[in-house]
Amino acid sequence: MLSRVAPWLASRNETGAGLDGVTVRVLGAADTTDLRALAMEDPVANVFILAHLDSSGSAAPTSGGASVFGVFDGDSLVGACWAGANLVPVQLDPELAPRVAAAAHRAGRRYASIFGPAEAVLALHSRLEQLGHFAHEVRADQPLLAMSGPPAVEANPQLGFGDIADFDRILPACAAMFEEEVGYSPFLGSEDFYSRRVAGLIRQGHSLVHIEAGGTVKFKAELGAVTAQATQVQGVWMNPEFRGQGLSAGYMAGVVVLAQRFAPVTSLYVNEYNTRARATYERVGFQRLGTFATVLY
């Protein structure tokens, strides 16, 4: 039997309400408390949605058209999924994912990716593929790592918070990381959206960077999601000119030290095949909590 839902799953359908009493609907402001309580069952894995709730104060659809699908057993919220540019499951049982996928499909949006706990992500992808959403790449095994307390190696003191005055240096480094990671430019379609995203992270104090005196970005990372409980590191990038010099661990220790100004737990997820990065994270003190997956469209 599943942890939060009764064994009515055998009679499930994907059309909102059914004989089993399960419904899927877009959440509104009145659902905010329940969504937060659901996400707090795992504040590290669900840091993305919790950061959104902290900033917006509501589960209601955003002005940009993003929303949250909620799965209900009667009146009880038993799972959810952010649906904006990306799909992000929240405590979503994989057996309920086909219903959410059907709702996401009916919404008529195009999704750039799905990311989050692996079983839910892959279940969403499986149903969306049946509905005609074909993936560019599936990264099915991404260890979710986290740590609290001081790093196990000395932090590089040259790492600091990005300054908006350095935007024109930081943006190309972010774009280079993105293209290296996903295989295409973040500026496809519109340069404005990605540029505003990077500028926003800098202004929030969530951009971490070391810029040499001559203006070269040597290392950078971002805190992609921040709550009082946890941060999630993204966009880790070492300038190729400085790779292979044993600098990564010190920089990542610096990331942890700076991230802990916001929250006690620092987390990230990494591709399983990236053995060099995983070795660096382990050396710094990160431990595996679970498994994420990412589907790129």
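User: What is the mean pLDDT?
Analyst: The mean pLDDT of the protein is 93, and 94% of its residues reach 70 or more; pLDDT is the predictor's confidence in each residue, from 0 to 100. Residues 1–15 have pLDDT below 50, and this stretch makes 31 contacts in the model beyond near neighbours in sequence, a contact being heavy atoms within 4.5 Å. Where pLDDT is low, the predicted coordinates should not be read in detail.

User: How many helices and strands are there?
Analyst: The protein has 8 helices and 12 strands. These are DSSP runs numbered from the N terminus, with helices (H or I) of at least four residues and strands (E) of at least two.

User: Which domain does UniProt list?
Analyst: An unreviewed UniProt entry lists residues 162–297 as "domain: N-acetyltransferase"; such annotations may be inferred rather than shown by experiment. That stretch is 38% helix and 29% strand, with its end C-alpha atoms 30 Å apart.

User: How much of the protein is buried?
Analyst: Buried residues make up 50% of the 297 residues. Buried means under 20% relative accessible area, exposed over 50%, and partly exposed in between (1.4 Å probe, protein chains only).

User: Changing topic, how many aromatic pairs are there?
Analyst: The structure holds 10 aromatic pairs. Rings of Phe, Tyr and Trp (its six-membered ring) pair if their centres lie within 6.5 Å; planes under 30 degrees apart count as stacked, over 60 as edge-to-face and the rest as tilted. Phe178 and Tyr184 form an edge-to-face pair, 5.7 Å centre to centre with 75° between the planes.

User: What else does Phe178 pair with?
Analyst: Phe178 also forms an edge-to-face pair with Tyr194, at 5.6 Å centre to centre and 65° between the planes. Phe178 lies in helix H5 (residues 167–182) and Tyr194 in helix H6 (residues 191–203), so the pair ties together parts that are 16 residues apart in sequence.

User: Is Tyr194 buried or exposed?
Analyst: Tyr194 counts as buried, at 12% relative accessibility, whereas Phe178 is partly exposed at 22%.

User: Which residues form the aromatic cluster?
Analyst: Phe48, Trp82, Phe115, Tyr269 and Phe292 form one aromatic cluster.

Methods. Residues numbered from 1 in each chain as written. Predicted model: local features only at pLDDT ≥ 70, side-chain atom pairs only at ≥ 80, totals over all residues. Heavy atoms only, no water.
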